[in-house]
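Hello,

Here is the structure I promised to pass on. Please open it first, then read my notes below.

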Amino acid sequence: MTLTFAAKQEHWKKVLRELNALVSRSPVATDEVTVNEKVTDTEEFFLLSKTQSFVNGEGLPGRGFFTGSLIWVFSRD
């Protein structure tokens, strides 16, 4: 299933509201994030990183962790 940019933004906003409610131990407020507010790259990275795990030595992050060295990833785009 491919989500549109707007659908992804709405999903991330909902997840951020729920995480905030868990941390602050308060009910989820639906009006905390306005419709025009964009989920930042940092927030999206945080959310995505919570859904990933890497085995030591496997994949790019796992190899970096295993060797203890930095791995620079770049693109011409």
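A contact means heavy atoms within 4.5 Å. Among contacts in the protein between residues at least 6 apart in sequence, 40% join residues at least 24 apart.

Some ground rules. This is a predicted model, so local features need pLDDT of at least 70 and side-chain atom pairs count only at pLDDT 80 or more, while totals for chains, interfaces and linings use all residues. Residues are numbered from 1 along each chain as its sequence is written, and side-chain values use heavy atoms, with hydrogens and water left out.

**Overall picture**

The protein has three helices and zero strands. Its elements run α-α-α from the N terminus on. Helices (H or I, at least four residues) and strands (E, at least two) are DSSP runs, numbered from the N terminus.

How much of the protein is buried? Of its 77 residues, 13% count as buried. Buried means under 20% relative accessible area, exposed means over 50%, and partly exposed lies in between (1.4 Å probe, protein chains only). The protein exposes about 6,900 Å². Carbon and sulfur atoms supply 60% of that area. Accessible areas come from the Shrake-Rupley method with a 1.4 Å probe; for residues, only the protein chains shown count as cover.

The structure holds two salt bridges. A salt bridge is a side-chain nitrogen of Lys or Arg within 4 Å of a carboxyl oxygen of Asp or Glu.

One joins E10 and K13, with the closest N and O atoms 3.1 Å apart. The two residues are three apart in helix α1, so about one helical turn separates them. K13 is found in helix α1, residues 5-24. Is K13 buried or exposed? K13 counts as buried because its relative accessibility is 3%. E10 has a relative accessible area of 41%, so it is partly exposed.

K14 and E18 form a salt bridge too, at 3.4 Å from N to O. Both lie in helix α1, four residues apart, about one turn of the helix. K14 is partly exposed at 46% relative accessible area. E18 is partly exposed as well, at 34%.

**A nonpolar patch**

Which residues make the nonpolar surface patch? L60, I71 and V73 do, and the patch covers about 260 Å². Patches are made of residues with over 30% relative accessible area and no salt bridge: like charges are joined within 9 Å, nonpolar side chains (Val, Leu, Ile, Met, Phe, Trp, Tyr) within 5 Å. I71 sits in the segment after α3 (59-67). I71 counts as partly exposed because its relative accessibility is 39%.

Best wishes
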